[in-house]
Amino acid sequence: MASFTDKVDVEKKPLAKPKRRGKKQPGNAPQFDLRTHLYRISGVDFTAVDGLGALTVLVLLSEVSLDPKRFKSVKHFTSWLGLCPGSRVTGGKVKSSKTRPIASRSATAFRMAAQTLCRSHSALGAYYRRMQSRMGALQAITATAHKLARIFYRLWTSGEHYTDPGIDAYEQQYRDRILKNLKIKAQAFGLELIPISDSTQCVS
């Protein structure tokens, strides 16, 4: 790890404290500061993303390399991983949207990371649980792994720092999206949505 070129000076831009303080390390954890080395050679603290531990990031970077230019876009990246929905279309009708079966260590790492979010008090944890209630555990894992891959790609290409918006922000965003879709459907039928508080005032 020490032989890789530095992309960031860890003394001038030190890492933030790990979120998993006090958590027991897995038996295969390396006996050196892997997290700092990964940050130094990539310029990004991928472990700031819930579910992505240092060992997971090591697997991902060893598979996809440190150069994101090999993938033209995030769609190419998730397609290469086999995490994007399939598009089997016959006669203009979608026959199947299942993901393609691909043997990929990177995709497996993202799926394993997604599984750890089932009890996470984060926006990603809330997303996983919502997908699980709608589609079941297996599809929720794939959907969350796809979302993690998109976040990883954004950080990988931009060098930005990830900040968890939190459960409350995610739930508010979800409610706003549902309300927007309901308004669009109501307008299509020539109707208008009126909040309950406004409707009771009109009746009184």
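The model is predicted: local features need pLDDT of at least 70, side-chain atom pairs count only at pLDDT 80 or more, and totals for chains, interfaces and linings use all residues. Residues are numbered from 1 along each chain as its sequence is written, and side-chain values use heavy atoms, with hydrogens and water left out.

**Overall make-up**

- The protein has 8 helices and 2 strands, where helices (H or I, at least four residues) and strands (E, at least two) are DSSP runs numbered from the N terminus.
- Starting at the N terminus, the order of elements is α-α-α-β-β-α-α-α-α-α.
- Buried residues make up 34% of the 204 in the protein; buried means under 20% relative accessible area, exposed over 50%, and partly exposed in between (1.4 Å probe, protein chains only).
- Among contacts with a separation of 6 or more, 64% are between residues 24 or more positions apart; a contact means heavy atoms within 4.5 Å.
- The accessible surface is about 13,600 Å², and carbon and sulfur atoms hold 54% of that surface; accessible areas come from the Shrake-Rupley method with a 1.4 Å probe, and for residues only the protein chains shown count as cover.

**Helix 2 and helix 4**

- Helix 2 (residues 54-64) and helix 4 (residues 105-115) have axes that come within 9 Å and cross at roughly 155°. Axes are lines fitted to C-alpha atoms, for helices over the stretch in contact, and angles run from 0 to 180 degrees between N-to-C directions.
- The two helices are therefore roughly antiparallel, a term for angles over 145 degrees.
- Their crossing is left-handed, meaning that the near helix is turned anticlockwise from the far one by less than a right angle.
- Helix 2 contributes Thr56, Val59, Leu60, Glu63 and Val64 to the contact, and helix 4 contributes Arg105, Ser106, Ala109, Phe110 and Ala113.
- By class, this contact has 6 nonpolar, 2 polar and 2 charged residues. Ala, Val, Leu, Ile, Met, Phe, Trp, Tyr, Cys and Pro count as nonpolar, Asp, Glu, Lys and Arg as charged, and the others, Gly among them, as polar.

**Serine 106**

- Serine 106 is part of helix 4 and is buried, at a relative accessible area of 0%.
- Leaving aside residues up to four places away in sequence, serine 106 touches Leu60, Glu63, Val64, Trp80 and Leu81.

**Serine 65**

- Serine 65 sits in the loop between helix 2 and helix 3 (74-81).
- Phi of serine 65 is near 75°, a positive value in a residue other than glycine.
- Serine 65 is partly exposed, with 27% relative accessible area.

Conventions. Parallel < 35°, antiparallel > 145°, perpendicular 65-115°, else oblique.
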